[in-house]
Amino acid sequence: MRKAMVLFASLFVATAWAAGSEGHGEGHEPSVPEYILHHVSDTNDFELEVPLSKPIHLGAIPPLRIGSCEPVMTDHGLVAPSGWSGLFAGCLDLSITKHTVMMWLAALLLLGSMLVWSNRDKTKLVPRGAGANLIEMLVLFVRDEMAIKNIGKEDGPRYVPYLLTAFFFILFMNLLGLVPWMATATGNLAVTAGLAICTFLVTQAAGIRAAGLGGYLKHLTGGVHWLLWPIMIPVEILGLFTKPFALTMRLFANMLAGHIVLFFLIGLIFILGHPAVAVVSVPFAFAIYLLELFVAFVQAYVFTLLSALFIGMAVATGHHHDEHGHADDHGHGHSELGPSHDHGKAHA
């Protein structure tokens, strides 16, 4: 079902993008696809979207750009360069947007909840209160079921702080998207890519720490003959980047698809133009909303679990390198003892 929702959302975004690329005159009423696309996209204009009326603008934060960011003439008039095209043109866009504010808010809620519900009284081993017990349950779950099981008892606790931070940060961002007038920061490709890059850096650091720089570079050869290195090394390097790519797209597509489907079910009332449609669309939308509440936890779990799995694979590379080293030493020891043993027999 999730794959069907992602496919539907992709087709819907493509249709909305095509509709949005057409001319917009004065007094242009946005269509349902344009309205949904505007809601899920990231802007520096903050507004309260009120149904059946124009949005209430709360103001916009001035853009913050560094470098050669002179406006260029396009079909839509003078437009300042932004995004990848602006970056390639030498313009670094550091503007504070709606999704940036959502990340800040999620971070504040995360810090506040941990300060309030964490068990800071070391004399009381058992936390009291529903919030404290819920936090302890989630922390123990991440530590025991993700970190230790996938990384190991010895190295797993070392990466628990990162896994906990990723889990709760993604969870709070996902849940904020289900609150009216908020936005889902994890529905932004740049946000999920940033989270995936963090996991990528931690994974590579874990591999270098476990195997050493030499062992880390050696594993890129795949253990094959040096004549096959020109084939194996590019394959191994490509494999390093497919993991963060999978993390990026999985979280982004699942969070974006659910919100588009939810808005489209409500939009059917206005597309068909009859209030009787609400009898069907509203219950379905409510069911999708409950599903999105479940998906918010599932996607935080999946991202953290895959991160722990990738870190565990990197750590296992170091252990595998150590085992080969010990095996070689053990083999050399037998080869040295063997001849002397036979030599003794010969003298006997």
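The side chains of D155 and R158 meet in a salt bridge, with 2.8 Å from N to O; the term is used here for a side-chain nitrogen of Lys or Arg within 4 Å of a carboxyl oxygen of Asp or Glu. D155 is buried at 9% relative accessibility, while R158 is partly exposed at 39%. Buried stands for under 20% relative accessible area, exposed for over 50%, and partly exposed for what lies in between (1.4 Å probe, protein chains only). The structure is a predicted model, in which local features need pLDDT of at least 70 and side-chain atom pairs count only at pLDDT 80 or more, whereas totals for chains, interfaces and linings use all residues. Residues are numbered from 1 along each chain as its sequence is written, and side-chain values use heavy atoms, with hydrogens and water left out.

A search of the whole structure gives three salt bridges. One of them joins K149 to E145, with the closest N and O atoms 2.9 Å apart. The two residues are separated by about one helical turn, because they are four residues apart in helix 5. K149 is exposed at 61% and E145 is partly exposed at 34%. R143 pairs with D144 at 2.8 Å between the closest N and O atoms; R143 has a relative accessible area of 35% and D144 one of 28%, and both count as partly exposed. Helices here are DSSP runs (H or I, at least four residues), as strands are (E, at least two), numbered from the N terminus.

Leaving out residues up to four places away in sequence, I311 touches I151, Y159, Y162, L163, V202, T203 and A206, where contact means heavy atoms within 4.5 Å.

A196, in helix 7, is buried at 1% relative accessibility and, with the same exclusion of residues up to four places away, touches P244, L247, T248 and F303. Q299, found in helix 9, is buried at 8%; beyond its neighbours within four places in sequence, Q299 is in contact with N174, R250, L251, N254 and M255.

On the backbone, W181 has a phi near 70 degrees, a positive value in a residue other than glycine. Most residues other than glycine have a negative phi. W181 sits in the loop between helix 6 (160–176) and helix 7 (189–219) and is exposed at 55%.

As for confidence, the chain averages a pLDDT of 79, and 71% of the residues score at least 70; pLDDT is the predictor's confidence in each residue, from 0 to 100. Where pLDDT is low, the predicted coordinates should not be read in detail.
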